[in-house]
Amino acid sequence: MAEKSWLTDFPQMDRDDLVAIRKSLDGTYRDFSREYGEMIEGFFDPLLQFLVAFEKLLVNSPWWAVLIAIIGLVYLVSRSWKLSVGITVAMCAVGYFGMWEDTMRTLSIITVSTLTSIVLGIPIGILMARSNRVQSIVTPTLDIMQTMPAFVYLVPVVMLLGIGKIPGLIAVVIYAIAPVIRLTNLGIRMVDSEVLEAATAYGATPFQRLIRVQLPLSLPNIMAGVNQTIMMALSMVVIASMIGVKGLGQPVLKSITNQYFTMGLLNGLAIVVLAIMFDRTSQAYAKRTNNRVSSH
Amino acid sequence: MAEKSWLTDFPQMDRDDLVAIRKSLDGTYRDFSREYGEMIEGFFDPLLQFLVAFEKLLVNSPWWAVLIAIIGLVYLVSRSWKLSVGITVAMCAVGYFGMWEDTMRTLSIITVSTLTSIVLGIPIGILMARSNRVQSIVTPTLDIMQTMPAFVYLVPVVMLLGIGKIPGLIAVVIYAIAPVIRLTNLGIRMVDSEVLEAATAYGATPFQRLIRVQLPLSLPNIMAGVNQTIMMALSMVVIASMIGVKGLGQPVLKSITNQYFTMGLLNGLAIVVLAIMFDRTSQAYAKRTNNRVSSH
Amino acid sequence: ADTEKKTATECGDVTIAEMNWKSASLTAHIDKFILTNGYDCKVEMVPGGTEAIGTSMVEKGEPDIAPELWANAMKEAIDKGVAEKRLRYAGKSLSDGGEEGFWVPKYMVDENPKMATIEGVIENAKLFTHPEDKSKSAFYGCPAGWNCEISSGHLFKALKLGDANFDLVDPGSAAGLDGSIARAFERKIPWFGYYWAPTAILGKYEMVKVDFGSGIDKEEFLNCTSSKDCKDPKVTMYPPSLVTTVTTEGFAIRAPEAFDYLSKRSFTNADMNVVLAWMEENQADGEVAMEHYLEENEAAWTAWVSEDVATKVKKALKAL
Amino acid sequence: MTQATEVKPLIRVKNLYQLFGKDAKKHIHLVHEGKSKDEILAQTGHTLGLKDINLEINKGETFVIMGLSGSGKSTLIRHFNRLIDPTEGSILIDDDQDILTLSTKELQHLRRKRMSMVFQRFGLMPHRTVLENSAYGLSVQGVSKAERNKKATEWLEIVGLKGYEKQYPSQLSGGQQQRVGLARAFCTDADILLMDEAFSALDPLIRSEMQDQLVELQETLNKTIIFITHDLDEALRLGDRIAILKDGELIQVGTPEKILLEPATDYVEAFVKDVNRARALTVETVMKPAKHRITEESIAGALAQMRKMPEDYGYYFNDDGYQGVILQETLEAATKDGNTGNVSDEFMEDIDNISPSDILESVIPETLNTDYPLPVVDDKGKLQGQLSQSSVADVLSNP
Amino acid sequence: MTQATEVKPLIRVKNLYQLFGKDAKKHIHLVHEGKSKDEILAQTGHTLGLKDINLEINKGETFVIMGLSGSGKSTLIRHFNRLIDPTEGSILIDDDQDILTLSTKELQHLRRKRMSMVFQRFGLMPHRTVLENSAYGLSVQGVSKAERNKKATEWLEIVGLKGYEKQYPSQLSGGQQQRVGLARAFCTDADILLMDEAFSALDPLIRSEMQDQLVELQETLNKTIIFITHDLDEALRLGDRIAILKDGELIQVGTPEKILLEPATDYVEAFVKDVNRARALTVETVMKPAKHRITEESIAGALAQMRKMPEDYGYYFNDDGYQGVILQETLEAATKDGNTGNVSDEFMEDIDNISPSDILESVIPETLNTDYPLPVVDDKGKLQGQLSQSSVADVLSNP
Ligand SMILES: Nc1ncnc2c1ncn2[C@@H]1O[C@H](COP(=O)(O)OP(=O)(O)OP(=O)(O)O)[C@@H](O)[C@H]1O
Ligand SMILES: Nc1ncnc2c1ncn2[C@@H]1O[C@H](COP(=O)(O)OP(=O)(O)OP(=O)(O)O)[C@@H](O)[C@H]1O
Ligand SMILES: [Mg+2]
Ligand SMILES: [Mg+2]
């Protein structure tokens, strides 16, 4: 178009330059993935094998054995009969509506991604709470991880690692890890300095302070982070299914193209069941082991 | 497939029954949306008009006027030169790379949805903190809102309200409102009971207690919720663009189908810029007005 | 939605769906330009995925035009909409129809010409490693939920690919499928799966359609291959698939001239492929490509409109 | 301080029980059955806070609550403004209004205008400056900013925190924080002050200033003060009446002297054992009636009168009342000098009269320095009694 | 308690400065320039915590720190285990090790094994039970659960919290919480106890028990105790030496008697004005040398000797040393009765000897009841001096 005044239109980079930049960057990435793709893929191979085996275990074992194992775990961790019964009923409904297998697949990948997020996230949050410099680096990284749309990196990741569980896992972890990091950081920073000082005065090492004072006292916040991490991991189920992760996301996608609302809803509800199972169990565990703080 | 034993396969509902149920529910919803769609759409009309006008304002005003207004606001709210300069640079980069208009569109919808989420979310969080009954109702609702994939309700919402900003707004708010509610609830529940008791003893009304004690003291948590809400709202930009919300989501989707990685990345970064702008400004505001607590 | 009041000749406000793949985006921009300048419509673009756009058109009569809709996606719903007189097929957007099939990269065929046939592929099944199971071979199917999921599934069965130790991998979405192709091409490794053209991917990555040796059996395809309830599918190549322009019934009634234009506007695959290649080359989006197309292919597009409209459009084109 | 106590009670506590724990209502019967605090704790995990408390607090009085740590003092005082609801029992205010039946509005009014509280653990708001904290009570009442800040600034100056207005509580020392709590409480002009160990973190100088302040407030504004303290001297100095709690039970209520001199139980006795009696008691409580009165005007007559008495001193009275102490030797010397006139001022001993309200401690040096009992004279110049060395010794060595 | 002070100092504080605020280093020059605390606060918003403190604390001593609220006591004590780093100055421990140069490991060792602290605001861990809180110091040291719980249980019983082991701090009263803090500090066997107003929330009974406990600990285990208190009586009772701070400066350091009888400044004088001197001072500090010695064995000789003296009593000595008090009238009566024998026990007055270490207060009744000065006799039976009514009166009325 002719004559654009900088007054009305933003003075832009020349289109050709922009295209050149884009192309060269794209090219660079392509080169990179060609060069290192195999290697990186190899690096993740053990994890992939584990994921595959875990999924197989859940899908191929008789449903009643899996159900018993799940409920048993839920009960062991939460020690709550109410919760265990609720989960049993919900899981049976899931099975009855024909979503058992997909649910197992989703359960498998989500268990691993949530655990990964938490296991990586809490230590990062702790480091972040210790040092303002780490915080000033990690915070914007998390901002990027959370807001950069998964769609942007979905294809590049697939290009690098192929379709399937690993890129799915990576996408989920990238997206879901932020809240637990942020809230661990916040929680630890908010711990009452008087209590911390008492621990110091008795010669507690930084580690002892962390384990016995900071973590327990910031538990409500950390658990809020865990809760959000679980929620966000499960909200990524559909996105993950876009790059070939089997599970409840696929029928959801299917239902949307075909306008089968009820089917979408049912599968969505199965995801919700998983979310509630993870969340309530972890919260009950935290509450049980630290009841005084959460009622503080 | 033949002969399924209940031992190996979950005893499922009969496929035909399931299909019948699905069909009848789908039908019911279709009827409902045809019956009431117009009415409900009408209800949202003022909001739509506002959204459209707001977007027009941002898109059609000269870019420098908008930029000055944005930076002015950022500075007024945050009182931080550093932040204002940073945002200016980032916004100029966004414009220079030719994403100004899309960014403005996204800015418009996201501003409204984030504000809506916060303005609705904090009071709900407060109510939740007040009553265990409310909490026990709201919590699972939030679980559903966060984990039910947007894809499940995207099409039904479109069916009811058509394509465009309103369903986009609704989808974003449904997804993004949860953290601010949860963390407001948590924050208020964690407020030191001694301080609260002092307020009570001096005859503070519940409202005064809320405004002058509970909210300021739970501010770090509430702001963590606001941060997550902003992040999640911006992470929905792409999804919203699937149902007709113009903005940065569209080029992202295009870039994924066309494998233009750099283009996707640039647009993703523009989203990140918006996220950081919202987040830092709100955090700076909270810190400025309540510096003692956040450094507590 | 409130269309009835408008007089027949008045075009008024028109909304065009802009889907996010290249050809659709291009077509949408061409329609926008021509409708604006030639028919005095006030055009607004609406982005959206096929599903959302389709649903909204059926239920809400909005947007007015979907310039390029693949029957592949949500065929059922669209047909229903047409049957209920909510939608109207304006015409084929791609005159030759879309091309579907099972493809392998060209470099494989270059290396081993037999790869262009299904026998060759089956013979070399071992080459197509499965992403999750080393002992199997992978066939990338059509994303779940699309119409092609059914047809590609049936053909998978008919070709007895399963017996050849192939596993039907669901790529989840077009993005997943695209990613897997890109990965294969960057590393020059084997790939075998369902795809369709004209598309950016096939513009960018040269692939060869695998010959089933069966020819096209249109009857069989319509009755069995593409039907959910087909018990015993037989082998057939894909017939060209319908790629149409769809408008709402309201629009068709309100702006018959514009509708007339839409029913004439269609591209040959060859033309389209040229533009797509140019877009790829320049990382162009629909708007830029529209300019390019209108300038380069005057003969083609002037045939879609009356002379008087063509003049108007040309004038506008000059003004750019 | 010692005011007429025959006023209508302002606060009346009736059969108040407090059992802490989840199932208080369920387990309260154990309390009625007379189980001890320890037993109940061991058996149910519930802590007995208060048991069958009956009390009356009068308007304008300073009512001190004492007792072992954990005996329920704070718990009791928190009931007065209903920060905790009793498990059983009632609290009547203004003699008829049960605070448990107050509406939310009324309760707020009560807390705003009638009562103000100093918390044992201060209860300051960490997010507000010292000034804002002090003005909190007023801000709750909706007093304008200028006005409340003015008042808060005044009070901050009185409690010695001038210059710290803009600091935050976390930047203050313990005692400074407590004083912010005091300023906050004094700011509201409430007529009932609930003070839970309000001076415990203060040094002796500031503490005694604050005590003076309290006495002044009580005298000039007739405030009712309910004061918890562990400092017996403070209790005796401030208290019109003292209540002693033990394990949630009320053991004794009475005036300081009564508690000191007639402890109801061994517990109370042990409790007050260490008190500095000399400081706690006034001359009044120890003095004896003055016996040796000399009324003869003439020196000779006076000497004669004195010689009839067992001691060699006497209190000289004329028509104008008590005049002073005369020693036998003075009279004898005067007689020897041939002075036959009347007894006059110059014969009186040069000693300070002591007043009945004097603290015993302050007169000990004089007692020690004088060989005869000191005359106790009230401010109208009337002789009220005499204070002998032996009675002082008696009361000091009592326990 | 009063131990030989010529031991090597355990802790030595040298030129310690503490300025609170962001830019302490930048503004510390104002302190050197002699600006006052208030000026610095007004000018920079920084609070002067400590100014040029120089101190030595000896092993085995109980060192009491007193001073106005906000004068820097807590700040000073926090430097000893380096909870705060000084702005300037150094703290040497064991006479050579500067704690600022300690490695993290060494510092941890110091905090674990050498020092234990009671916090003014308790610093309990809300998420741990009373038992766990008490055992905290041991658990940090890695002592086995059984062992540390045993020890914590013992100490909890000593501080009177038996039965509360499983409660959480929020369920305890203020004083109970403080006692948990005490139990925690006592549990670790550290040889230096830092006690910041450690008894401030305790009632008199428990407080005096705790004081006894402290004295016992100090005597039997030779612990060094650094004790902040606002209670002068407590300071005088516990302290071997007392330091008095004002506005961050050290005003006076000395033995209780010295502080009481020779206050360095008006401030100190005002500070100790209200002290119960009778309780603070011992007989030793007030007694005078005993003059009137009677050494003649025979009654007549003794009488003659006594008549030469100005007073009508005397202290009788024979070869075995001091025997008792004899009154002139007793001797006269004996002479009258014709007794010409020797002075023997039966002539001695029937009064209790008082000991030099007796608290003055405890002998006041006797002083009051006796007409002549009381003999002060040490536990070996040696006469150390005499305590007259007038010297008691003098010291009590000193200020
Ligand atoms: N963290 C801090 N930030 C700023 N100022 C502080 C801080 N801690 C203490 N101060 C200031 O240092 C001074 C000394 O405080 P410190 O706590 O040592 O007093 P203290 O002698 O223990 O008083 P108290 O008897 O009231 O406990 C006070 O004026 C206080 O305001
Ligand atoms: N919130 C609570 N939950 C459980 N028990 C409590 C609670 N508050 C107080 N108690 C118990 O009630 C009893 C009385 O506590 P209160 O605080 O009234 O004591 P106090 O007399 O004020 O003691 P102190 O002099 O130590 O402050 C204590 O045994 C305490 O353990
Ligand atoms: Mg208390
Ligand atoms: Mg202190």
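This is a predicted model: local features need pLDDT of at least 70, side-chain atom pairs count only at pLDDT 80 or more; totals for chains, interfaces and linings use all residues.
Let's start with how the chains meet. Chains B and E don't touch, and their closest C-alpha atoms are 10 Å apart. Chains C and E don't touch either, with 47 Å between their nearest C-alpha atoms.

Take ligand 4, a magnesium ion. Its protein donors are OG of E:Ser74 and OE1 of E:Gln120, lying 1.8 to 2.2 Å from the ion. E:Ser74 belongs to helix α3 (residues 73-80) of chain E, while E:Gln120 is in the loop between β6 (115-118) and α5 (130-134), so this pair ties together parts of the chain 46 residues apart in sequence. Are those two donors buried or exposed? E:Ser74 has 16% relative accessibility, so it counts as buried. E:Gln120 comes out at 15%, so that one is buried as well.

Hop over to chain D and ligand 3, again a magnesium ion. Here the coordinating atoms are D:Ser74 (OG) and D:Gln120 (OE1), at 1.9 to 2.2 Å. D:Ser74 is in helix α3 (residues 73-80) of chain D and D:Gln120 in the loop between β6 (115-118) and α5 (130-134), so this pair too ties together parts that are 46 residues apart in sequence. Both D:Ser74 and D:Gln120 are buried.

While we're in chain D, have a look at helix α8, residues 174-187. There are 14 residues in α8(D), and from first C-alpha to last the helix reaches 20 Å, close to the 20 Å expected at 1.5 Å a residue. How many of its residues are buried? For α8(D) that's 14 of 14, so the helix is largely enclosed by the rest of the structure. Just after α8(D) comes D:Asp189, with a positive phi of about 65 degrees.

Back to chain E for some strands. There are two hairpins I'd like to show.

The hairpin from β12(E) to β13(E) has two residues between its strands. β12 covers residues 313-318, β13 is residues 321-327, and the two run antiparallel, joined by six bridges. If you want one pair to click on, E:Tyr315 has E:Val325 in β13(E) as its bridge partner. β13(E) is mostly covered, with six of its seven residues buried.

The other hairpin is β14(E) with β15(E), and here five residues sit between the strands. In that turn, E:Gly381 has a positive phi of about 90 degrees. The pairing of β14(E) with β15 (residues 383-387) is antiparallel, over four bridges. One pair to pick out is E:Val376, whose bridge partner in β15(E) is E:Gly385.

Which way do the side chains of β14(E) point? E:Leu374 and E:Val376 go one way, E:Pro375 and E:Val377 go the other way, and all of them are buried.

On to cysteines. How many disulfides does the structure hold over all chains? There are two. One joins C:Cys142 and C:Cys148, with the sulfur atoms 1.7 Å apart. That link of C:Cys142 and C:Cys148 is right-handed, at 50 degrees about the S-S bond. The other joins C:Cys224 to C:Cys230, with 1.5 Å from S to S. As for burial, C:Cys142 and C:Cys148 are both buried, and so are C:Cys224 and C:Cys230.

Last stop, chain A. The unreviewed UniProt entry lists several stretches of chain A as "transmembrane region", among them 106-129 and 150-178. In the model, residues 106-129 of chain A are 100% helix, and the end C-alpha atoms lie 33 Å apart. Residues 150-178 of chain A are 90% helix and 0% strand, with end C-alpha atoms 14 Å apart.

Okay, that's what I had. Over to you.

Notes:
Residues are numbered from 1 along each chain as its sequence is written. Chains are lettered from A and ligands numbered from 1 in the order in which they are written. Side-chain values use heavy atoms; hydrogens and water are left out. Buried means under 20% relative accessible area, exposed over 50%, partly exposed in between (1.4 Å probe, protein chains only). Two strands pair if DSSP finds at least two bridges between them. Donors are N, O and S atoms within 2.8 Å of the metal (3.2 Å for Na, K and Ca); water is not among the atoms, so sites may look incomplete. The expected span of a helix is 1.5 Å times one less than its number of residues. UniProt positions are given in the numbering used here, feature names are shortened, and annotations may be inferred rather than shown by experiment. A disulfide is a pair of cysteine sulfur atoms within 2.5 Å. Contact means heavy atoms within 4.5 Å.
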